[in-house]
Amino acid sequence: MLKNLMTLAAGAAILGLTVGCQPGTDVGNGTPADDERFVVGVSIPAADHGWTAGVKWWADEAKKNYPNIDWIIEDAKSPDEQITDLENLRSQNVDALVILATESAPLTPMAKQLHDAGILIINVDRGFTEPAADVFIEGDNAAFGRKSAEYMAAKLNGTGKIVVLEGIPSTVNTARVEAAAKVFAQYPGIEIVAQDSGMWNRETSEKVMQNILVANSEIDAIWASDDDMALGVENALRAAGRRDGVWILGGAGMKDIVKRVMDGDPLYPADITYPPSMIAVGIHEAASILRAGRANALKYIPKHIVLDVDLVTPDNAADYYFPESVY
Amino acid sequence: MKNVGKFMQEYGVLVALIVFFIINVITRDNFLTAENLRNLISQNAYVGIIAIGMTLVIMTAGIDLSVGSLVALCGALAVLTLNKQAAGEAAPNTAIFMAALASVGIGSVAGALNGIAIAFGRVAPFVVTLAGLAGFRSLALVLGDGGEIRSQVTEFQDFGFGGMAVPGLSMQSGGPLLIYWSTFAFIGVALLASFLLNKTRFGRYVIAVGANERAAKYSAINIQMVRVAAYTLLGGLVGLAAVLNAARMNSVGTGSVGLYYELDAIAAVVIGGTSLKGGKGRIWGTVVGVVLLTMISNMMTAYRIDTDWQGLVRGAVILIAVLLQRSGKDGK
């Protein structure tokens, strides 16, 4: 009896959920009179760390600028899930897709298929391995590594003991770390006393940094390469009572860190951007190409757009501070 | 030889810990410092607290895959409660207390729901808590708008870094060596759970239900209530771990906090010699398992093992630790 009741309750709950979701998913209808109405899908990775949460937030922000387009935003935890999302979006007759791939290679065949089917493809941040996109927008990861390392070397006057914290093993991480390593190699006075991965995660970075601190009594600066990791490093420094005389260079432009750069916090003399708002650039490109007429617009829209990364210092920090953003 | 096998089966995990410890002492200059040893027992206190509860659940022949997501949900509610209390001009300590209460409360409720669906709905624990794994994370993301919920109360993070100074010991920096509140919570929870398991009727029931459900039923044990109690207890402990973690981070990243905690907790339990079949387990083994896992991470940083290889090392150690304990017969 009890079991039957529970089955019934579970069934009702699922029904309620499905019905509740209807208005959200049923966006294809639009206004029938308006034949200019486009449908655009945005496929992004799930918010598993601060930066990807920022991507979601900026996507939601950017779509508000184009109320005449039906936007469908889907996030995926894995390449498999993202491929399914893309298939579902295709069946909703999208005119364009803005794709920030969870991983480049596995998404490429699907993107190619969609492109061959005549859908406008805007690829953001992680590039497909074969030509499958009409426009590719990426941040300059090598410049991220190079500029941040150059700043660190200059601020240390070419001598000092530093720690290098890497992110999740990936092409993005490799490009950054290799570019930074090249710069550091030019300074014989700079010694990398420890190098490990903080996995772009605050908690992991705290643990790794604690272990590094125990083994190294002298550290001048930490090249943390990400703001979540920078905050983890700060936790470890605080726990060890070693916040003085050391500084951290994070990256990506989290609002809390930009604020502290702006306020002149000695722990954060600078930051380097890798703005999650690049998804908004992709959304803007998709909207304007569709509006201008695809064939026409693609004649002059650049096929590859590399977004420079900027060094944030107390002087210019106000330009990079978005207090209302989640990231 | 037979005796050696039996000894390893019983104390293999402790032997492994001691072996690793000795390797570290010999090969590393900075291993045997008070600060590093403090780090070893404190770094995984959050996972440790959860692993203790997980031990009880696994002993009932259950499993809980939802704990990592529940950390996010409890933490989100804790910080939201904290900020709301602070906005209502509650004293910081009151706000922190209310946040902890909310976290442990929602954790217990979620755990109880898991337990009820398992015990009364007769759905496999794996399935019920798999649903929780998906659902609790989703609720946390809704609360956090997909991103991070930041604490507005600076005392909250002070609490996360707070603890008791060990007299006579100091850190490299010269500051006093603190044992964090979260570490005390881990040790306290372990002692209480040991007592519960070995000295109370509830503990005997947990063993009986896990060892042989039918026999337990015929002995007039209310097996459903034992199950619900075990999951509720675990849920409450998840809430405790979540609020301690949120305090340390001064925020809750709803998408990232607690990711893979369920796997770390289960790994610690299994390394510690608790049988996934239920009915056999020990709290001290889990504690050793947690410390062993922490020591491995600690070593890999010290030896500068390439990140790409670290997972393989961790996996191998888990497997070897369990194989050692099976070296007797089928280690049931």
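How many residues of domain 1 of chain A are in contact with residues of domain 2 of chain A? Let's take that with the first view.

**View 1. The two domains of chain A.** Eight residues of domain 1 touch seven residues of domain 2 (contact: heavy atoms within 4.5 Å). Domain 1 spans 37–133 + 276–308, and domain 2 spans 141–274 + 315–320; these bounds come from an automatic or database domain assignment. Taken over C-alpha atoms, the domain centres lie 31 Å apart.

This is a predicted model, in which local features need pLDDT of at least 70 and side-chain atom pairs count only at pLDDT 80 or more, while totals for chains, interfaces and linings use all residues. Residues are numbered from 1 along each chain as its sequence is written, chains are lettered from A and ligands numbered from 1 in the order in which they are written, and side-chain values use heavy atoms, leaving out hydrogens and water.

**View 2. Helix 2 and helix 10 of chain A.** The axes of helix 2 (50–63) and helix 10 (residues 278–292) come within 7 Å and cross at roughly 30° (axes are lines fitted to C-alpha atoms over the stretch in contact, with angles from 0 to 180 degrees between N-to-C directions). Helices are DSSP runs of H or I with at least four residues, and strands are E runs of at least two, numbered from the N terminus. The crossing is right-handed, meaning that the near helix is turned clockwise from the far one by less than a right angle. From helix 2, A:W51, A:V55, A:W58, A:A59, A:A62 and A:K63 meet A:M278, A:I279, A:A280 and A:I283 of helix 10.

**View 3. The largest cavity.** Its volume is about 240 Å³ (the space filled by 1.4 Å probe spheres set on points of a 1 Å grid over the protein atoms alone, joined across faces, edges and corners, where the probe fits but cannot get out). Of its 25 lining residues (an atom within 4 Å of a point), the closest to the centre are A:D228, B:E148, B:G253, B:S256 and B:V257. Strand 4 of chain B gives the most to this lining, with three residues.

Methods
1 Å grid on protein atoms, 1.4 Å probe; cavity = no way out; pocket = protein on both sides within 12 Å on 5 of 7 lines; lining within 4 Å.
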